[in-house]
Amino acid sequence: MEFDPNFHSGFVAIVGRPNVGKSTFLNRIIGQKIAIMSDKAQTTRNKIQGVYTDNDSQIVFLDTPGIHKPINKLDDFMEKSAFSALKEVDAVLFMVSATETRGAGDNFIINRLKEIDKPVYLIINKIDEINPNKLLSIMDIYKKALDWKEVFPISALQGNNVDELMANLKALLPAGPQYYPEDEVTDHPERFIVAELIREKILMLARDEIPYSIAIDILSMKTNEHGNVDIQADILVDRPGQKGILIGKQGSMLKKIGTLARQDIEDLLGSKVYLKLWVKVHPGWRNESSVLKSLGYKK
Ligand code: GDP
Ligand code: MG
Ligand code: K
């Protein structure tokens, strides 16, 4: 990998109470791009939520699942490990909702953030829901709570001020490498791997009945507004008899295939996955160039 001194990159954690709009924000800037969980991903203890890449920057966004208020010993332990992982990031976005009053959950996180020596941005989300006159008084409520690097009122839903926030964040990040190649964060390689995981389960459960005459067509793969991944896929077979075998008694075989594949895909993506599978008879699919092309076998 060549070093380009004009390329900026880094790791950014997004923290905040549930429902303030963290996933909506990520969805807006990254869409359905998800990083493949490679060894690199495991070097930080935080879960990679998404990778933003453009011509001169890459921002790896991290989730910190344990930053909420602890309720028991296990949570307390999780909390501490999530907190120590925050020390590995270049910046933290602390998100609050303009529609909610500052609460104990916010204060708990703010107190933890006081202990780390990192730039923390205050992101006041959902400004589309409030009267603009109220914004200054909302900012006042948080202003003295921490020595904020910047304060950005935004609407993750409608996009207000999101470009400005991204530009500011990019300028803050140091010159660095592109940690993830662009093709690792588009949907194509994941689609291919997801298809392979489904195929693997079919061959595992029905190897004798189903030879290599199946194809998996990933119809869609999207991250929904809650950060979960919805996947719809067709299993193409040559003959009606094969369809019956793959569906099984009252759908039992297809259910087994789906459950096993889903578990592997969840491990791969680090997200909750909804997998919908259909079996379709498509005689001679292997000879049709349009089908092969849509399955990614031909350029
Ligand atoms: P998270 O739990 O922090 O990830 O929050 P989500 O991204 O799941 O958002 C929670 C709810 O708030 C969803 O119903 C979103 O559609 C909504 N939401 C998120 N951002 C905005 C925003 O900027 N404006 C409005 N009006 N609603 C938003
Ligand atoms: Mg979320
Ligand atoms: K997720």
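Visitor: Which atom of ligand 1 does the side chain of N125 approach?

Guide: A polar contact is a pair of N or O atoms within 3.5 Å; within protein, one must be able to donate a hydrogen and the other to accept it, and residues adjacent in sequence count only if both atoms are side-chain atoms. Here a polar side-chain atom of N125 lies 3.1 Å from an oxygen atom of ligand 1. Polar backbone atoms take part as well: that of N19 is 2.7 Å from a ligand oxygen, and that of G21 is 3.0 Å from one. The model is predicted: local features need pLDDT of at least 70, side-chain atom pairs pLDDT 80 or more, while totals for chains, interfaces and linings use all residues. Side-chain values use heavy atoms, without hydrogens and water, residues are numbered from 1 along each chain as its sequence is written, and chains are lettered from A and ligands numbered from 1 in the order written.

Visitor: Which residues come nearest to ligand 1?

Guide: A residue is near if one of its heavy atoms lies within 4 Å. Of the 17 residues around ligand 1, N19, K22, S23, T24 and D128 come nearest.

Visitor: Why does the span of helix α9 agree with its length?

Guide: The expected span is 1.5 Å times one less than the number of residues; helices are DSSP runs (H or I, at least four residues), numbered from the N terminus. The 18 residues of α9 (252–269) should therefore span 26 Å, and the end C-alpha atoms are 26 Å apart, which agrees. After α9 comes G270, with a positive phi near 70°.

Conventions
Helices (H or I, at least four residues) and strands (E, at least two) are DSSP runs, numbered from the N terminus.
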